[in-house]
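Visitor: Could you take me through this model feature by feature, giving the general idea of each before its particular case?

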Amino acid sequence: MINRLTDALNFQTQALALRSERQRQLASNIANADTPGYQARDMDFARALREATGMTGIPGALNTTSAGHMAPLAGARADHEKLYSTAAQTNLDSNSVDMDRERANFADNAVKYEATLRFINGSVRTTLDAMKSHNAA
């Protein structure tokens, strides 16, 4: 029973963890907007979500060929899988942070993070309502 509940929420929890990681990365880009030579980074969210939920294999990932092999944690991503953002215009200090783009991405990701939280809350509330006794109401 618990496994079915966990499986029902697994996709949304993976999405929430990835949204949180992307938000942290975008905040880091904004914080380093004046750092000379800083290269802005971002992630391909759709690809990361497919990899985290097991819909596609992770290139270069470990293969588990025996029951004794340890699989990487779901959602675990190496730092080299993040992408570098390209600069919209050249800077003398080689900083590639575009504040307009970073702010727009930050706000967009925050809205999607909030939507994911609301979806999880709605799913939990629906499940709890379904589990209530008919005599309790």
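Visitor: Is Ser 94 buried, exposed or partly exposed?

Guide: The general idea is a set of cut-offs, in which buried means under 20% relative accessible area, exposed means over 50%, and partly exposed lies in between, computed with a 1.4 Å probe on protein chains only. Ser 94 has a relative accessible area of 45%, and therefore counts as partly exposed. Ser 94 belongs to the loop between strand E2 (83–84) and helix H3 (99–131), and has a positive phi of about 60° although it is not a glycine.

Visitor: What kind of model is this, and how are its residues numbered?

Guide: This is a predicted model, in which local features need pLDDT of at least 70 and side-chain atom pairs count only at pLDDT 80 or more, while totals for chains, interfaces and linings use all residues. Residues are numbered from 1 along each chain as its sequence is written, and side-chain values use heavy atoms, with hydrogens and water left out.

Visitor: How many helices and strands are there, and which pattern do they follow?

Guide: Helices (H or I, at least four residues) and strands (E, at least two) are DSSP runs, numbered from the N terminus. The protein has 3 helices and 2 strands, which read along the sequence as α-β-α-β-α. Of its 137 residues, 23% count as buried.

Visitor: Which residues of helix H2 are buried, and where do they lie around its axis?

Guide: In H2, which spans residues 45–52, the buried residues are Phe 45, Ala 48, Leu 49, Glu 51 and Ala 52. Viewed down the axis of H2, these buried residues fall within an arc of 160°, so they line one face of the helix; the arc is that of the directions from the helix axis to the C-beta atoms. The buried residues of H2 pack against helix H1 (2–31), and just after H2 comes Gly 54, with a positive phi of about 80°.

Visitor: What is the angle between H1 and H3?

Guide: H1 and H3 pack at an angle of about 160°, with their axes 9 Å apart, and that makes H1 roughly antiparallel to H3.

Visitor: Is Glu 102 buried or exposed, and which residues does it contact?

Guide: Glu 102, in helix H3, counts as buried because its relative accessibility is 1%. Leaving aside neighbours within four places in sequence, Glu 102 is in contact with Leu 26, Asn 29, Ile 30, Ala 40, Ser 85 and Val 97.

Visitor: How far apart are the C-alpha atoms of Thr 13 and Leu 117?

Guide: These C-alpha atoms are separated by 8.8 Å, although Thr 13 and Leu 117 are 104 residues apart along the chain. Thr 13 is found in helix H1 and counts as partly exposed because its relative accessibility is 37%.

Key
Contact = heavy atoms within 4.5 Å. Axes fitted to C-alpha atoms, helices over the stretch in contact; angles between N-to-C directions. Parallel < 35°, antiparallel > 145°, perpendicular 65-115°, else oblique.
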